[in-house]
Amino acid sequence: MIRLDDVTELLSKHHPGADVEMVRRAYVFSAAAHRGQTRRNGEPYLVHPLEVSHIVAQLRLDAPSVAAALLHDTVEDTVATVEDIEAQFGKDVCFLVDGVTKLEKLNFHSAEEAAAENFRKMLIAMSRDLRVILVKLADRLHNMRTLSHLPPEKQKRIAQETLDIFAPLANRLGVNWLKIELEDLCFKYLYADEYRELADLIKKTRREREQYIDRVNEQLDAELKKHGVKGDLNGRPKHLWSIRQKIKISGQAFDSLFDILAFRIVTERLSECYEALGLVHSLWKPVPGRFKDYIALPKPNGYQSLHTSVMGPEGERIEIQIRTEEMHQFAEFGVAAHWTYKEGQYGMHHRDASDKFAWLRQLLEWQRDLQDPTEFMEIVKVDLFADEVYVFTPKGEVKAFPRGATPLDFAYSVHTDLGHETTGARVNGSIVPLRYELQNGDAVEIIRTTGSKPGKDWMSLVRSGRAKAKIRNYLRQETRERMVLIGEELIEKEVKKYGLSLTKLRRSGKLAEVLSKHKFRTEAECLVALGYEKIRIDALLPDLVPADKLEKGPQEADSNPFAKVFKKFMPKREGGIVVDGMDDIATVFPKCCAPVHGDPIVGFVTRGRGITIHRKDCVQVGNYDPARRMDVHWDSQSRLLRPVDIRIYSVDTPGLLASISQSFHSAGVNISAVNCKTSLDKRAVNNFTVLVNNLDQLRKVISMIEKIDGVTSVERIAG
């Protein structure tokens with residue numbers, strides 16, 4: 001167990017002359033505030049802030065950061081206030097504690113909104129002082145280390161949030177060791193069976209691996225010494241999550257997987273990095289396309305190193321990283337190491353931070369522009385999590401994009417108007433389609449046509465959050481204009497029954513009075529609200545139509561004018577879904593989440609297609625304008641068959657496929673497509689597309705298949 005002396009000794013080691021007395025006072029304050037509180041494992045609660053403060057000290061942060069780590073839960077979980085913290089420890093510590101504290105005392109409509117608003121708060125604090133996020137990462141790391149004491153559902157929720165947000169943040173900040181530990185802990189709780197299996201395989205091959213690492217190190221050391229290059233050597237297997245991702249991407253079994261060993265050469269001087277690279281390539285043949293020079297072209301977080309993959313001894317493919325000691329310290333500790341020598345300058349405003357934290361400024365722009373919490377968090381995840389490619393502008397400047405980005409991403413990174421008017425692109429001098437995926441080193445030039453507009457399919461062509469946001473805003477405005485037309489049609493159709501018209505209402509000033517009474521700032525805002533049915537036409541009629549005419553009643557009856565007008569713009573519905581307040585509205589089922597009867601669903605108005613139906617947990621929900629959301633539910637009388645994709649992991653044994661097929665038949669489920677793959681280690685991945693009536697039928701057949709000998713797991717996947 002960590003002691004306070006362990007923390008203060010580590011702090012003094014990296015910061016001689018640090019205010020250790022303030023840290024001791026913070027410990028006493030925290031102990032008093034948390035007195036009587038325990039964690040799920042029965043330990044005194046004080047153990048948690050003490051462990052977090054030790055991680056912060058390991059990150060080489062200063063005394064205020066360590067004190068804030070000791071105090072980080074006092075405002076959230078005890079009677080202590082931010083005023084108490086400021087009075088006893090000053091504004092610096094108070095700001096850090098407040099930046100880490102959640103917004104739990106406010107009321108939110110959903111867990112998603114709470115998560116987004118907490119992240120927004122942390123981003124704003126982080127932009128002023130990066131120590132906020134470093135303390136938060138230390139807090140999350142210790143929570144992940146002690147996650148086993150929580151219920152399974154909570155374990156998975158916290159682990160998924162950590163994998164989506166906090167591990168990518170650690171990566172963006174360059175704190176490599178913390179990122180690796182977070183990813184492996186998430187792996188352990190999200191995919192427990194895979195984790196145990198892979199950990200066992202690594203353990204079984206440990207002796208052979210260590211012997212191989214020793215042989216490689218001996219050869220490298222001899223070659224470096226022979227040419228007078230001084231360098232520290234280190235070899236290790238890649239961490240478990242990294243290996244798991246490599247297996248998933250390649251589809252190979254562990255035994256046939258290459259490139260899971262990584263070696264590092266740390267030199268004294270920059271020139272020796274390139275000299276060492278030449279010596280490595282003279283020893284073993286390099287793997288084509290696997291060399292990356294992050295020294296000449298650093299990653300956005302400031303990471304610098306040479307990476308090369310070679311065919312090492314016995315034909316084993318290995319990765320070798322080469323860097324200086326200064327580069328190595330930054331690779332391990334990121335911004336924490338960078339500011340060890342620049343006390344008091346932890347903000348994004350620092351002159352060295354302009355390029356490294358462009359991503360943070362972009363996140364801050366989105367948190368201001370994107371009000372919908374689901375939409376905001378989805379864009380954050382895309383841009384934090386993505387691997388990157390580096391391309392050149394026509395002027396030779398370097399731009400970084402998420403892997404899979406296209407010329408459209410490039411165009412929107414330059415200017416919104418250029419993005420909107422893009423009609424083509426040249427990459428390395430050749431015309432390419434807009435769906436072309438940019439590669440490292442590409443030189444990109446955009447072809448534009450004045451007056452061109454984004455297509456509705458462009459959302460599927462871009463990867464960057466900026467491009468998605470700009471395209472979505474444009475399409476949203478287009479939809480808004482359509483809703484204005486629907487709103488006008490609704491008013492016109494309804495007031496016509498009383499001998500009035502929209503033009504007369506405008507001229508008389510009656511419409512302006514109604515807008516004011518119902519607190520609409522503009523006529524367009526009112527019409528859009530009508531188009532989206534955020535307000536019903538019935539609510540406006542008493543103010544639009546004189547009382548005497550209203551008392552006489554309409555000249556023709558129409559129980560639901562909204563449905564009638566809406567259907568003018570939309571075709572007939574597919575069936576199986578009821579859109580509240582409307583009959584016969586077209587519904588479309590996308591392939592991304594394949595909802596079936598019984599799934600919680602949500603609908604969105606989509607131009608020319610009617611209502612698009614998604615499962616509520618579908619990742620695509622965040623791509624829609626919240627104002628276009630419609631309340632929908634399953635038609636209880638419907639017997640509509642819906643396609644669902646199921647993936648079955650199993651051993652490769654004779655007769656197993658027949659048993660699986662029989663289970664589908666017994667459950668009354670039809671198979672429409674099958675794709676089975678086997679590996680050399682006698683494992684099989686079986687993908688089935690089946691037609692089911694409802695969620696209960698789906699659950700029943702999955703349960704039946706899980707009981708078959710040889711089946712290891714069954715999961716429902718996106719279409």
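Guide: Happy to. Let's begin with strand β3 (residues 285-286), which runs antiparallel to β5 and is joined to it by two bridges. Strands here are DSSP runs of E with at least two residues, helices are runs of H or I with at least four, and both are numbered from the N terminus. Two strands count as paired if DSSP finds at least two bridges between them. Within this pairing, P286 has V310 of β5 as its bridge partner.

A word on the source: this is a predicted model, where local features need pLDDT of at least 70 and side-chain atom pairs count only at pLDDT 80 or more, while totals for chains, interfaces and linings use all residues. Residues are numbered from 1 along each chain as its sequence is written, and side-chain values use heavy atoms, leaving out hydrogens and water.

Back to β5, our strand of interest. Strand β4 (residues 292-293) is also antiparallel to β5, again through two bridges, and here K292 stands opposite H307. Five of the six residues of β5 are buried, so the strand is largely enclosed by the rest of the structure. Buried means under 20% relative accessible area, exposed means over 50%, and partly exposed lies in between, with a 1.4 Å probe and protein chains only.

Now follow the chain out of the strand. The loop between β5 (306-311) and β6 (317-324) holds E314. β5 and β6 form a hairpin with five residues between the strands, and E314 takes a positive phi near 65° there, although E314 is not a glycine. In contrast to the buried residues of β5, E314 is exposed, with a relative accessible area of 65%.

For another positive phi, turn to R60, a residue other than glycine with phi near 70°. R60 lies in the loop between α3 (47-58) and α4 (63-71), and at 17% relative accessibility R60 counts as buried.

Finally, step back to the whole chain. It has 28 helices and 21 strands, and buried residues make up 51% of its 719 residues. Taking contacts (heavy atoms within 4.5 Å) with a separation of 6 or more, 66% are between residues 24 or more positions apart.
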